[in-house]
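Please walk through the structure below with its ligand, its loops and its charged pairs in view. The text takes them one at a time.

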Amino acid sequence: MKLPQLTIRGRTATIPIVQGGMGVGISRSALAGAVAHAGGVGTLSSACLDFLISKDLGYTVNTHFATEHEISSAQNIARSCGIIGINIMRYLDRDYVDSVHGAITAGADMIVSGAGLPLSLPQIVAKADIALVPIVSSLRALTIICKRWEKFSRRPDAVVVEGPLAGGHLGFEYTLLTHEKNALEDLFPPIKDFARKNGDFPVIVAGGIHTHDDIVTWITRGADGVQLGTRFLTTHESGATKAYKKMVVKCTKNDIIIAHKKMNPPGSPSGMPFRTIQRAPMFKYGAQRKPLCNRGYLLQKDVSGHYVICGAKEDPRHNFCICNGLLASCGYVPSTKEAPLYTVGAYAHRIKKIISVHDLLHELIYKRS
Ligand SMILES: Cc1cc2nc3c(=O)[nH]c(=O)nc-3n(C[C@H](O)[C@H](O)[C@H](O)COP(=O)(O)O)c2cc1C
């Protein structure tokens with residue numbers, strides 16, 4: 001089957017494959033630019049970009065500058081092919097508005113936003129011509145978002161429906177992750193139906209999509225695009241350290257677990273379930289170590305409105321130091337100083353080697369199993 005194109009707010013990717021945003025520092029410009037150059041959708045991650053770009057440049061830059069810088073690097077690699085987006089997690093409250101403004105200034109094609117409901121996104125974006133793509137894990141979440149966005153005369157330009165097999169943070173209660181009504185196959189039809197009746201915006205499915213055959217299955221079911229994370233994590237172009245990629249290639253099914261601060265500690269201070277390799281040092285030794293907690297990306301406001309609260313600092317037994325753990329997993333904090341944390345999707349154990357984006361896309365577009 002020839003895969004169809006994917007058009008989002010008038011911009012067309014010649015293949016319906018979206019490389020999902022992967023923070024921290026995994027989907028940098030080298031990865032997103034290569035995917036877009038090949039005709040797909042490359043998604044950067046806004047997480048900790050000020051820190052990463054400051055290290056790269058050797059002087060301190062702010063979030064707005066760093067976001068612009070990263071997007072224009074990806075655009076240079078993509079050379080006007082495909083679509084370049086940036087994933088800005090709603091939970092990264094402190095930097096959210098600056099990341100959005102940086103994306104607009106740089107002329108990114110789209111902003112993808114999940115890890116919380118991006119209810120205020122159209123208001124921040126105002127009249128800028130940029131596609132807005134929420135990530136949801138239920139029809140309820142999408143309905144709430146659409147209702148709120150109506151006030152600003154915006155609809156999603158596309159939606160990513162992420163199921164429970166994905167890597168990173170998961171938008172489900174820990175105990176409901178394996179509930180059959182939450183399987184991507186069950187989440188998709190009512191969301192597609194809703195999208196059809198509300199402007200017919202594209203629906204992109206994510207979580208556990210691994211092969212060409214999986215992609216064909218989803219396109220045949222009516223999905224407009226597929227988003228993959230884990231397959232791109234182990235490409236040469238991804239920002240993951242060699243140790244991280246090697247651990248993915250070696251991991252077994254039983255190594256992949258879901259961390260949660262209450263149900264399987266330590267977990268993410270965001271409170272959301274987080275899929276990880278259990279041998280990843282930050283998970284393995286998390287509860288025994290004192291978190292540095294000197295980055296502050298996940299800070300939440302206290303009652304007086306100041307960004308001071310971080311779960312890792314307040315309760316290190318139940319929360320891992322996610323900022324430093326993920327910065328170590330992309331090599332920006334030495335792993336001798338901070339233990340890395342390796343997030344993966346549920347099918348990471350099926351990956352057997354590290355390949356280029358070119359070879360991966362060739363496999364995904366053409367190779368029937
Ligand atoms: C290493 C890694 C980091 C991720 N980081 C983010 C992130 O920062 N924000 C986000 O919305 N999703 C994140 N995700 C989810 C991906 O964007 C994508 O939706 C998901 O991985 C799809 O499932 P798959 O890994 O089974 O292909 C991450 C996934 C991985 C594997």
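Thr211 sits in the loop between strand 10 (203–206) and helix 8 (212–221); helices (H or I, at least four residues) and strands (E, at least two) are DSSP runs, numbered from the N terminus. With 18% relative accessibility, Thr211 counts as buried (under 20% relative accessible area; exposed is over 50%, partly exposed in between, with a 1.4 Å probe and protein chains only). A polar atom of the Thr211 side chain lies 3.0 Å from the backbone nitrogen of Asp214. Such a polar contact is a pair of N or O atoms within 3.5 Å; within protein, one must be able to donate a hydrogen and the other to accept it, and residues adjacent in sequence count only if both atoms are side-chain atoms.

This is a predicted model, in which local features need pLDDT of at least 70 and side-chain atom pairs count only at pLDDT 80 or more, while totals for chains, interfaces and linings use all residues. Residues are numbered from 1 along each chain as its sequence is written, and side-chain values use heavy atoms, with hydrogens and water left out.

The ligand is surrounded by 22 residues, the closest being Glu162, Gly208, Gln227, Gly229 and Thr230 (a residue is near if one of its heavy atoms lies within 4 Å). Oxygen atoms of the ligand lie 2.6 Å from a polar side-chain atom of Glu162, 2.8 Å from one of Gln227 and 2.9 Å from a side-chain N or O atom of Asn87. Taken alone, the ligand exposes 600 Å², of which the protein buries 96% (accessible areas come from the Shrake-Rupley method with a 1.4 Å probe; for residues, only the protein chains shown count as cover).

Next come the charged pairs. Side chains of opposite charge can pair when their charged atoms come close. The structure holds 13 salt bridges (a side-chain nitrogen of Lys or Arg within 4 Å of a carboxyl oxygen of Asp or Glu). One of them joins Arg9 and Asp129, with the closest N and O atoms 2.7 Å apart. This pair links distant parts of the chain, 120 residues apart. Arg9 is partly exposed at 33% relative accessibility, whereas Asp129 is exposed at 52%. Asp129 also meets Arg11 in a salt bridge (3.9 Å, N to O). Arg9, Arg11 and Asp129 belong to a salt-bridge network that also includes Asp109, Arg154 and Asp157.

Another salt bridge joins Asp255 and Arg279 (3.2 Å, N to O). Asp255 is buried, at 11% relative accessible area, and Arg279 is partly exposed, at 36%.
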